[in-house]
Amino acid sequence: MAQEYVTTPINKMQKEKWKGYAVKIGYIAISIAALILTWWVLAVILDKIYFPTPPEVFEALIQSFDNVPGIGLSMSTQLFSSLERFAFGFILALVTAVPLGLLLGHSKRAEMLFTPAIEIIRPIPPMAWVPLFFLAFGVFLGPVLTIFIGAFFPILSNVMFGVKSVDQNLIDASKTFGASRMQTFSKVIFPSTIPHMMTGISVGLGIGWMCIVSAEMIGAKGGGLGYIIQSCYTLGLYDYMFAGMVMIGILGILTALLGKFIENEVARWMGMK
C-alpha cells in the first residue's frame with residue numbers, strides 16, 4: 001500500500017509530462033502543415049515559374065545534396081560553410097557580449113562610459129557593415145563579423161537588463177550574511193541573469209542566420225547557403241532557390257531547439273525547474 005502511494009504520483013507526473021510533449025508536438029505539426037498548405041495554395045493560384053510547389057522544392061532539396069545544376073556544388077558542402085561561419089561569429093558574440101553586459105549592468109561608471117558609444121553603433125543594421133567588413137577583413141571574416149554584430153547586441157541588452165532586474169533584497173540579504181562582492185556577484189547576480197541571457201541568445205540565433213545568409217549573397221569564401229540562393233536566382237533555378245531557403249528555415253529551427261534545450265538544462269542544473 002505504501003509503495004502504491006509513492007509510485008502513483010510519480011507515474012501521474014510522468015504521464016502529464018508526456019502528455020504535455022504530445023500536445024506541443026501536435027501544435028507544431030498543425031502549424032507546419034498550415035504553412036505548407038498556404039504555400040501550396042499560393043503556388044497553385046499564382047501559377048508562376050518563380051513560385052514552385054512544395055513537392056517540387058522537396059525534390060530539388062533532395063537532389064541538391066548531390067549536386068545543384070549549373071553551379072557544380074552540393075548543398076551539403078555549402079551547408080557546412082555556413083555553419084562554420086555561423087559558429088565562429090556567434091561564439092565570438094557570446095564570449096564578448098556576456099562579460100560586457102554583466103559589467104555594464106553591474107557598474108554605473110562602466111555603463112556611463114560605454115553606453116553612449118554602444119547606442120551610436122547599435123541602430124546601424126548589420127548588413128550596413130558588410131561592405132566595410134569585406135574590404136577590411138576579407139571574404140571569410142567579413143561574414144563572420146556580420147553575424148557577430150547581429151548577435152552581439154541582443155545578448156548584450158538582455159544580459160544588462162537581467163543584471164538590473166535582480167531583486168535588491170537578495171543582494172542585501174547576501175551582504176547581511178557576510179558575502180563578499182565577488183560572492184554576491186557569482187552566487188546571486190549572475191544566476192539571476194541567466195534566464196535573460198538565454199532570451200538574448202535565442203534572439204541572437206535568429207538574427208545571426210539572417211545576417212550570414214545576407215552576407216553570403218554578397219560574397220563569401222567557399223560559398224554558402226546564401227550563395228546558392230543568389231546563384232539559383234540568377235540562373236532561374238527557382239525550385240533550388242526555394243530549397244536553399246527551406247534549408248535555412250530548418251537550420252533556424254534546429255538552432256532554436258538547441259538553444260531551448262540548453263536553457264532548460266541550465267535551469268534544471270540551477271534548480272530553477
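**Exercise 1. Which exposed residues does the face of helix 2 turned away from its buried side carry?**

Solution. That face carries Phe-58, Glu-59 and Ile-62. Exposed means over 50% relative accessible area, buried under 20%, and partly exposed in between (1.4 Å probe, protein chains only). Helices are DSSP runs of H or I with at least four residues, numbered from the N terminus.

The model is predicted: local features need pLDDT of at least 70, side-chain atom pairs count only at pLDDT 80 or more, and totals for chains, interfaces and linings use all residues. Residues are numbered from 1 along each chain as its sequence is written, and side-chain values use heavy atoms, without hydrogens and water.

**Exercise 2. Find the buried residues of helix 2, and say why they line one face.**

Step 1. Helix 2 spans residues 54-64. Its buried residues are Pro-54, Val-57, Ala-60, Leu-61 and Ser-64.

Step 2. Look down the axis of helix 2. The buried residues fall within an arc of 125°, so they line one face. The arc is taken from the directions from the helix axis to the C-beta atoms.

Step 3. Recall the general rule. An α-helix has 3.6 residues a turn, so residues three or four places apart point the same way.

**Exercise 3. How many disulfides does the structure hold?**

Solution. The structure holds zero disulfides (a disulfide is a pair of cysteine sulfur atoms within 2.5 Å). Cys-211 is buried, with a relative accessible area of 4%. Cys-232 is buried too, at 0%.

**Exercise 4. Describe the largest pocket.**

Step 1. Its volume is about 530 Å³. A pocket, on a 1 Å grid over the protein atoms alone, is an open set of points where a 1.4 Å probe fits, with protein on both sides within 12 Å along at least five of seven lines; lining residues have an atom within 4 Å of a point. A volume is the space filled by probe spheres set on the points, which are joined across faces, edges and corners.

Step 2. The largest pocket is lined by 17 residues; Ile-32, Leu-35, Ile-36, Trp-39 and Val-246 are the closest to its centre.

Step 3. Helix 1 (2-46), helix 2 and helix 9 (238-269) each give two or more residues to this lining. Helix 9 gives the most, with seven.
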